[in-house]
Amino acid sequence: MHGERALYCIFGVATALTALLILYPAYHALELSFQDLDSFISEPVWIGFGNYIDVLNMPEFWNALGRGLIFSGTTITLQVVLGIGFAMLLDTTIPAKPLVRGIAVLPYLLPTIIVALTFQWMLDSTVGVFTQGARLFGYSYIPWGENGGVAMTVVILLSVWIWTPFVTLAFLAGLQAVPGELYEAARVDGASAWQRFWHITLPQLRPVLTVVLLLRAIWMFNKFDIIWLTTRGGPLQATEHLPILAYRKTFELYEVGQGAAVSAISFVILSAFILVYFYFFPLDEKE
Amino acid sequence: MNDITLGRRAALYGLVCVTVLYSFFPIYWMLISSFRDDRSLYANFSLLPGPFSLTNYEVLLELTDYPTWFTNSILVAFGTVCITLVISVLIAYSVTRLQFRGKMVVVGTMLYAYMFPPLLLAIPLFSLFVKLGLADTRLSLMISHCTITLPLGVWLLWGFFKQIPMDVEEAAMVDGCSRLRAFILVVLPLTLPGVLTVAIFSFLLSWTDYTFALVMIGTDSLKTLPAGLDTMVGSYELRWGELMAGSTLIALPLLVMFMFLSRYFIHGLSAGALKG
């Protein structure tokens with residue numbers, strides 16, 4: 001067949017380019033993590049596992065890891081529960097369905113900077129709309145700028161607001177594939193709405209749930225921008241998780257090697273999680 | 001209609017209202033705040049829109065770097081879309097048309113690369129750009145964005161190309177077309193929805209990206225909108241009216257695109273195209 005050789009060439013060049021763009025930087029990250037550098041232009045000194053040992057001996061690292069797990073665990077749970085709820089609601093016969101669906105998806109499309117700024121404005125301690133609301137309940141303002149727990153709650157709720165629509169959309173698509181006869185049969189047998197949800201909808205959506213949970217876990221564990229933009233990891237490191245620690249080490253303290261080590265370690269943790277996850281919840285072989 | 005179904009109806013409508021309010025109120029608040037002058041922002045609190053004023057937009061466009069950031073964002077996003085489309089179409093098409101062992105490794109690697117934490121790429125990329133003398137340029141940001149959009153493009157287009165049977169272009173080639181002509185005249189039109197989806201999401205990822213922009217660009221006049229707007233938070237006293245006007249202008253192109261191209265949006269979004 002003609003054109004075959006040209007096609008191989010194109011494939012080779014394009015793939016090599018992509019490897020250079022993605023795999024080489026990943027390799028360079030590993031390289032950096034074994035070096036001692038006090039800036040991006042200084043002469044690197046090879047120090048083996050020195051950075052890793054330093055990082056693993058820092059209480060900062062373990063605190064950040066713990067906060068990251070709390071942050072991702074809570075956000076994923078809330079996103080999945082709310083997402084399923086929204087999907088069930090948007091799947092019923094409601095007025096102006098396309099419009100309502102569109103609005104429900106909107107938060108997911110907005111750039112993180114907009115969400116971070118808008119919510120900071122709404123939480124403004126003197127005239128923010130949430131502050132006005134809090135006053136109705138007798139609080140003078142919401143202390144997300146100085147109370148660590150409140151700050152963590154705020155970034156968690158913001159993350160839920162932004163990223164729940166992904167779960168909603170995935171489940172809406174999944175719901176279309178559930179055969180209607182199943183519900184008919186259950187209705188004839190006198191199953192309640194809850195029983196239908198628990199025994200038909202959820203098991204039918206299991207493959208969707210498996211994929212959605214995995215993607216959400218990966219993305220929430222790596223999430224950097226929403227926390228950085230909202231709290232910068234503060235107050236007093238209360239919202240600093242691994243990506244923020246890696247950023248601070250690299251670009252504020254210029255401990256480039258340690259920053260690279262932190263992100264390498266978090267990638268190892270993530271990869272281990274993915275492997276374990278696949279072991280317990282193998283994806284359907286249909287695709 | 002009896003009372004029970006009426007009650008259920010009311011509950012359902014109530015839930016829909018809550019959902020709409022929950023999803024839309026912050027956007028509504030951003031919009032109406034952007035059209036208020038300082039006096040009504042800070043002194044007269046009201047949930048309803050107005051009084052209408054364009055002061056924030058005037059200040060933003062005339063007295064800040066916002067127009068420069070806007071141009072930068074357009075340039076970077078446009079470049080990212082072009083690079084992504086060309087390379088990912090070539091890879092995805094050749095992977096589906098060539099038969100050789102291990103070709104799925106390429107697709108698998110792409111998917112794996114799509115899972116990389118942003119900072120695992122941003123730190124080494126910045127270090128490489130410093131070595132190449134490309135640090136703090138719009139080109140470096142464009143290239144960084146391609147590290148997210150390329151795996152996505154290959155993955156999405158692979159799904160599209162594999163659905164198009166080989167017979168289609170073989171028939172054209174039997175009729176005397178070269179492979180290139182067969183590809184451009186027959187295959188590409190059939191995969192236009194896929195190409196459009198990749199274009200939309202490459203644009204979206206580049207337009208909304210904050211993390212790479214923060215790391216790659218230090219000079220104010222080279223920043224893109226998200227990173228630029230963020231510097232306004234740090235350096236001035238908080239001018240909420242202008243910040244909300246700036247946010248509205250970043251969101252506007254996305255909302256317009258979403259209204260007219262929602263079909264492609266929904267497809268890409270449920271395929272995880274936003275990497276977030």
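Of the contacts in chain A between residues at least 6 apart in sequence, what share join residues at least 24 apart? The answer is 66%, where a contact means two C-beta atoms, placed from the backbone, within 7 Å.

Okay, some ground rules. This is a predicted model, where local features need pLDDT of at least 70 and side-chain atom pairs count only at 80 or more, while totals for chains, interfaces and linings use all residues. Residues are numbered from 1 along each chain as its sequence is written, and chains are lettered from A and ligands numbered from 1 in the order in which they are written.

So, chain A. You'll find 13 helices and 2 strands in it; those are DSSP runs, numbered from the N terminus, with helices being H or I of at least four residues and strands E of at least two. Along the principal axes, its C-alpha atoms fill a box of roughly 75 × 75 × 35 Å. Of its 287 residues, 40% are buried, meaning 20 or more other C-beta atoms lie within 10 Å of the residue's own, with C-beta atoms placed from the backbone.

Now the two chains together. Chain B puts 67 residues in contact with 70 residues of chain A. On the chain B side, helix α1 (residues 3-34) of chain B gives the most, with 12 residues.

And how confident is the predictor? Chain B has a mean pLDDT, the per-residue confidence from 0 to 100, of 89, and 98% of its residues reach 70 or more. Within chain B, helix α5 (residues 103-113) is lowest, at a mean of 81, and helix α11 (residues 211-216) is highest, at 95. The model scores ipTM 0.90 and pTM 0.90.

Conventions: A residue is buried if 20 or more other C-beta atoms lie within 10 Å of its own, exposed if 12 or fewer, and partly exposed in between; C-beta atoms are placed from the backbone. pLDDT is the predictor's confidence in each residue, from 0 to 100.
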